Each structure stands twice: as structure tokens, then as C-alpha cells.
Amino acid sequence: MTPSRILRRVALVGALVAVGAALPTTATGVRTRPAAKVSTLDEPARSGSPRSTVDRVADFYGAYLDVLSDSGRDKLAETLRERYLTARLREDLARWEKAHHKDGVLRGKGVPAAWKVVYNDSGMGHCWTRVTLTWEDSGNRVHHIRLLVRSDLETQLISGIRIAT
């Protein structure tokens with residue numbers, strides 16, 4: 001399958017998930033996990049723009065976590081990395097992952113239960129966003145990892161990921 005067909009498939013799945021999440025679970029007949037949250041009309045609509053570097057970071061983390069949650073680290077997860085991350089960052093992540101035995105994009109093991117992306121700063125050809133990843137452990141305790149993600153403004157590719165201080 002070509003990368004463009006894979007990206008179209010990811011976009012279609014994302015659109016279907018977004019539409020399905022807006023419907024009550026009783027109306028769809030779909031069972032959800034106990035921790036799953038159904039959208040209500042009181043919550044803000046989500047939007048974005050392909051020209052926004054912050055939105056692209058949010059799009060990447062949303063799609064990446066969906067893929068990891070659905071099928072684990074597979075070819076589609078690697079395709080997302082190739083599409084959204086610079087080649088240099090992918091090399092750096094491979095070294096980091098080998099040393100730490102964790103996912104370098106997430107800086108952790110497993111799949112977070114939630115993510116949030118907000119603008120932090122920009123300058124010198126880069127945009128920095130803050131990504132907060134939320135995990136729930138087996139005892140339903142919540143912990144967060146906060147990342148500072150750097151993107152190149154010219155290409156909009158993610159070029160750096162580190163733990164935020």
C-alpha cells in the first residue's frame with residue numbers, strides 16, 4: 001500500500017472515529033471501555049488547519065495514539081513517523097529507544113489514555129508546542145508526562161521531542 005493510500009485510510013478512520021464519538025453509545029450499539037468518554041454538546045468542537053504547525057503536532061499525536069491503541073507499533077505507526085518527523089529526529093529516537101526501552105515519541109511505555117497539545121513559543125524558524133500525555137495505571141492512578149515538541153516552521157515537520165521542565 002502506498003503512503004498516500006495509508007494516509008487516506010488514517011484520515012478516513014479518524015473521521016469515522018470522530019463521528020462515532022459524537023453519538024451516544026446506546027444509539028450506536030457499540031460498547032465502550034469504562035474509561036471512554038462520549039462527547040456531549042457542551043464540549044467545544046475540535047478544529048484545525050493544515051497550515052497550523054500546532055495543529056499538525058496535535059494531528060500526529062492523535063493519529064499515533066489511535067494506531068498504538070488499535071494495533072500497537074506496526075507499519076502504520078512507522079508510516080506516521082516518516083510523514084510527521086524529520087529523518088534526523090527518527091534517527092535520534094531510534095538511539096533513545098534502544099537505550100531506554102520506551103517509545104521515544106511518548107517518552108514512556110504503553111499507550112496514554114489522553115493527550116493535549118498547546119502552543120508554547122516560536123522563533124528562529126521553529127515552533128514549540130507543549131504536549132501533555134496522561135496515563136492511568138492499573139490502580140486507576142493518573143500520571144502525566146509533559147513534552148516540549150519542536151517543529152520546523154518551513155516544513156512543519158517535528159524535529160525535536162524532550163521532557164518539558
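Begin with Arg73, which is partly exposed at 42% relative accessibility, where partly exposed is the range between buried (under 20% relative accessible area) and exposed (over 50%), computed with a 1.4 Å probe on protein chains only. This is a predicted model, in which local features need pLDDT of at least 70 and side-chain atom pairs count only at pLDDT 80 or more, while totals for chains, interfaces and linings use all residues. Residues are numbered from 1 along each chain as its sequence is written, and side-chain values use heavy atoms, with hydrogens and water left out.

**Salt bridges**

Next select Arg81 and Glu97, whose side chains meet in a salt bridge at 2.6 Å, N to O. This pair links distant parts of the chain, since Arg81 belongs to helix 4 (residues 75–84) and Glu97 to helix 5 (residues 87–100), 16 residues apart; helices (H or I, at least four residues) and strands (E, at least two) are DSSP runs numbered from the N terminus. Are Arg81 and Glu97 buried or exposed? Both Arg81 and Glu97 are buried.

The structure holds seven salt bridges, and another one of them joins Asp92 and Arg95, with the closest N and O atoms 2.4 Å apart. Because Asp92 and Arg95 are three residues apart in helix 5, about one helical turn separates them. Asp92 is partly exposed at 28% relative accessibility, whereas Arg95 is exposed, with a relative accessible area of 53%.

**Two positive phi angles**

Move on to His101, in the loop between helix 5 and strand 1. Most residues other than glycine have a negative phi, but phi of His101 is near 55 degrees, a positive value. His101 counts as exposed, at 57% relative accessibility. Met124, found in the loop between strand 1 and strand 2 (126–136), likewise has a positive phi, near 55 degrees, and is exposed at 83% relative accessibility.

Now display the strands: four of them form an open sheet in the order 1-2-3-4, with antiparallel pairing, two strands being paired if DSSP finds at least two bridges between them. Strand 1 (114–123) and strand 4 (158–163) are the edge strands, each pairing on one side only. Select strand 3 (residues 142–152) together with strand 4, and five bridges in the antiparallel sense are found between them. Val149 stands opposite Ile161 of strand 4.

**Asp152**

Finish at Asp152, in strand 3. Which residues does Asp152 touch, not counting those up to four places away in sequence? They are Thr86, Gly125, His126, Leu157 and Ser159, with contact meaning heavy atoms within 4.5 Å. The side chains of Asp152 and Ser159 make a polar contact at 3.0 Å, that is, a pair of N or O atoms within 3.5 Å, of which, within protein, one must be able to donate a hydrogen and the other to accept it, residues adjacent in sequence counting only if both atoms are side-chain atoms. Lastly, select Thr53: the C-alpha atoms of Asp152 and Thr53 are separated by 8.4 Å, although these residues are 99 residues apart along the chain.

Notes:
A salt bridge is a side-chain nitrogen of Lys or Arg within 4 Å of a carboxyl oxygen of Asp or Glu.
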